[in-house]
Amino acid sequence: MSLAAWVRRARTPAPAPVAREYAYLEPADLFDMEIKDDPEASPVLCCTGDPAGAAAFQALWLKRIAGTGRYAASVSVRGQGGTPAADGGLEARAHDLVQAAVTVPRQTVLIGHKEGAAWAALAAGRYPAAALVLVSPQKVPKEPPTPVGGPPVLLVVAEAETQTKEVQAVADAYGIAPLTFAGSPDDVFKGAGAEGLLDAILSWLARKE
Amino acid sequence: MQEYSSQAAYDRGEAVCVIGAGAAGLIAVKNLRENGFEVDCYERDTVLGGLWNPQNQHSPLYPNTHLVTSRSQTEIPDFPMPDDWPDYPSSAQMLTYLTAYAKHFGLSEHIWYGSEISHVEPVEGSRFEVVVKPAAGNAARRLRYAAVIIATGHHWSPNLPSYPGLDQFRGTVLHSSQLKDPSRLRGKHVLVIGGGNSGTDIACEAAVNAASCTHSVRRGSWHLPKYLGGEPGDFALARVGGRPKFLRRFLTDRLLKGPASLAARMGIVPEGKPFAEEPVRNGRYMEHVGDGSIRRRGEVARFDGFDVAFADGTEIRPDLVVLATGYRPKFTSVDPKLLGIQDESPYPNLYARMFSPKMETLAVAGLVEPGVGVLPIVHWQTHAIAHWLLVRKSDPERAANFRVQVRTEAEQDTAPAGTSPRHRLAVDAATYLASLGRIIDTLEQEPAK
Ligand SMILES: Cc1cc2nc3c(=O)[nH]c(=O)nc-3n(C[C@H](O)[C@H](O)[C@H](O)COP(=O)(O)OP(=O)(O)OC[C@H]3O[C@@H](n4cnc5c(N)ncnc54)[C@H](O)[C@@H]3O)c2cc1C
Ligand SMILES: NC(=O)c1ccc[n+]([C@@H]2O[C@H](COP(=O)([O-])OP(=O)(O)OC[C@H]3O[C@@H](n4cnc5c(N)ncnc54)[C@H](OP(=O)(O)O)[C@@H]3O)[C@@H](O)[C@H]2O)c1
């Protein structure tokens, strides 16, 4: 974030704090002898625009991420899942995500799905994410902030989305080409499509580290 | 790293040396590493957090120390404090926060504890040889670095006043940094000397714990409560700073009206304009003056056996005297000339308050008294220093232009008109941040193709 952006934010009242629902899984929690905690691998924090929030990631995502030796977490921003509703739009939700990110034990990867990608994009403008992953992004501002600390950025979209204006705009803003996955953007939490998507993200992460 | 004999200096290549693992040192390590530098940080104590760690031998914390700057104005810009913390976190929370920062960014593995830097010597043009003071029985280690950042703090060497008869005084005399345990105040007749934040906070502690409390100040300061207009005071004032100029004066006056008239009622006549100096920020103080649990006096004239005489001729008989007379900067490892220190003064003269005027690869982090949260300022300082070191390596032409700019910024830097020597480190936060912003903009511009 630029100094000017910080000065502006420090003069703006912070969003009302909420008790955030936060789910996490450590590699050791899987009770699998084969899986070892990898201290070099960054933790991963996920959020989604889906109203289920943190819980959406529990069945497949957290387990599979932890299975690669990473600390895996997800958070419900205000109004989602078990987190009470409170005032504030995009900015307040990005605030919730940053607040969750700093409680992760180490510098974390941010993964945002749908509207969650917009929160992650804003959060990465004020928290030095280890990497930023945008899955089928929605409502990302036209000029998202430059991610602080220069993390690698991944854009993953469903095949059907590749040509949409929204996806093009995000790809242009970050100067990257989208990766595609088979399936629907709403169907990312279970099933074969979801697993393929997740494996693509995890192998991208492993390559970047 | 292995042990190195005192003869051979180990060459650390392009790595940067950071001295001190207080808040400023930790932020420096984080920002340098984020920009791709290898970093070795040396800390003379066995713990991190600097003055916020009560286990640090030089910690100046006194009973019940809380921040005087509010959470949103104190937190590091890219690592906010938890939003369920109070507006004014305690010193223990501040340590928790700095420890979490170090853990989150994996800083500890770059810190060498129990390693005091005794000497920093320029070698081979722009490089430095750094001497780590030997621990008992070992040889001194010498290492060479491409750059050195000094983050050794300036609140650990007490500024001690002298008064006639002080040596023979029969009561106990402590500097504010030695007070530590609140039970030392209990049942005592206490005299607190010094009207800064330390003196004012300690007077309030004595007001509720001691048998009596007298507070000696040699002149009036601006007093602000911790809240103004229903908001943390520094936040409220920062917001006013964002308004159009013609409104600022009006809005500031409106915020300060209440505190100013209360101070006047208590007989406190502040010197100078409101923000020429760092204000005292304590909402409880006036209440204690108002209910008589703190008695204010002027300057101390002399000590006499069990008694203390003030300039106005009155005398009291305290059991315990707390000298809350502040600190003096002290640089033990580097030739003062490299920091632009002249003659007997302990105060450096740096470009933009951070760059050595003599060596391009030597900088100091955190040597400012901005009257607002220090950590954000150190964040932007070290951001600038890291980018400067990058530009210097990659684009010598731009680097030369940049030096000219920094020197110009330094010439425009007229410190706020404080009256006391301690104000040599004071900067007007808004002006200084604007100058840091210009410096960073120049450094981050795309290099000309
Ligand atoms: C009582 C008190 C209250 C304060 N309250 C606030 C507040 O509310 N808000 C705010 O923003 N600021 C406050 N400050 C200002 C404070 O100075 C900064 O917040 C900040 O903590 C300074 O950090 P630092 O790293 O510069 O210095 P320090 O915390 O002093 O750290 C310097 C470190 O360098 C080490 N060191 C020194 N010399 C050597 C050497 N030769 N070799 C190796 N290591 C060395 C020391 O052991 C120490 O760990 C307060 C200061 C005091 C004294
Ligand atoms: N809770 C907190 O967050 C907190 C608490 C304490 C300190 N701090 C910070 O730590 C720094 C140091 O504060 P501090 O209060 O310890 O020191 P300080 O701000 O330097 O104040 C020292 C006080 O002692 C007086 N003094 C100095 N020399 C004197 C002498 N020879 N005779 C009589 N009086 C003398 C000064 O008067 P003059 O003004 O006339 O020189 C001043 O009132 C400041 O940046 C402060 O904000 C923060």
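Start at Val68(B) and ligand 1. In this predicted model, a backbone N or O atom of Val68(B) sits 2.7 Å from an oxygen atom of the ligand.

Next, select Ala23(B). Here a polar backbone atom lies 3.2 Å from an oxygen of ligand 1.

Now show the ligand's surface. On its own, ligand 1 has 1,000 Å² of accessible area, and the protein covers 94% of that.

Move to the interface between the chains. Chain A brings 25 residues to the contact and chain B brings 24. Together they bury about 2,000 Å², with 60% of it on carbon and sulfur atoms. Select Leu3(A), Trp6(A) and Arg11(A): this trio supplies 33% of the area that chain A buries against chain B, more than any other three residues.

Which residue forms a salt bridge with Arg20(A)? Pick Asp83(B); the closest N and O atoms are 2.9 Å apart. The count between the two chains is one salt bridge. Polar contacts across the interface link nine residue pairs, both partners at pLDDT 80 or more.

Finish on the side of chain A that touches chain B. Helix H1 (3-10) and helix H3 (90-103) of chain A each give two or more residues. H3(A) has the largest share, five residues. That side divides into 13 nonpolar, seven polar and five charged residues.

Definitions and conventions: Residues are numbered from 1 along each chain as its sequence is written. Chains are lettered from A and ligands numbered from 1 in the order in which they are written. This is a predicted model: local features need pLDDT of at least 70, side-chain atom pairs count only at pLDDT 80 or more; totals for chains, interfaces and linings use all residues. Side-chain values use heavy atoms; hydrogens and water are left out. A polar contact is a pair of N or O atoms within 3.5 Å; within protein, one must be able to donate a hydrogen and the other to accept it, and residues adjacent in sequence count only if both atoms are side-chain atoms. Accessible areas come from the Shrake-Rupley method with a 1.4 Å probe; for residues, only the protein chains shown count as cover. Contact means heavy atoms within 4.5 Å. Buried area is the accessible area (1.4 Å probe) that two parts lose on being put together, summed over both. A salt bridge is a side-chain nitrogen of Lys or Arg within 4 Å of a carboxyl oxygen of Asp or Glu. Helices (H or I, at least four residues) and strands (E, at least two) are DSSP runs, numbered from the N terminus. Ala, Val, Leu, Ile, Met, Phe, Trp, Tyr, Cys and Pro count as nonpolar, Asp, Glu, Lys and Arg as charged, and the others, Gly among them, as polar.
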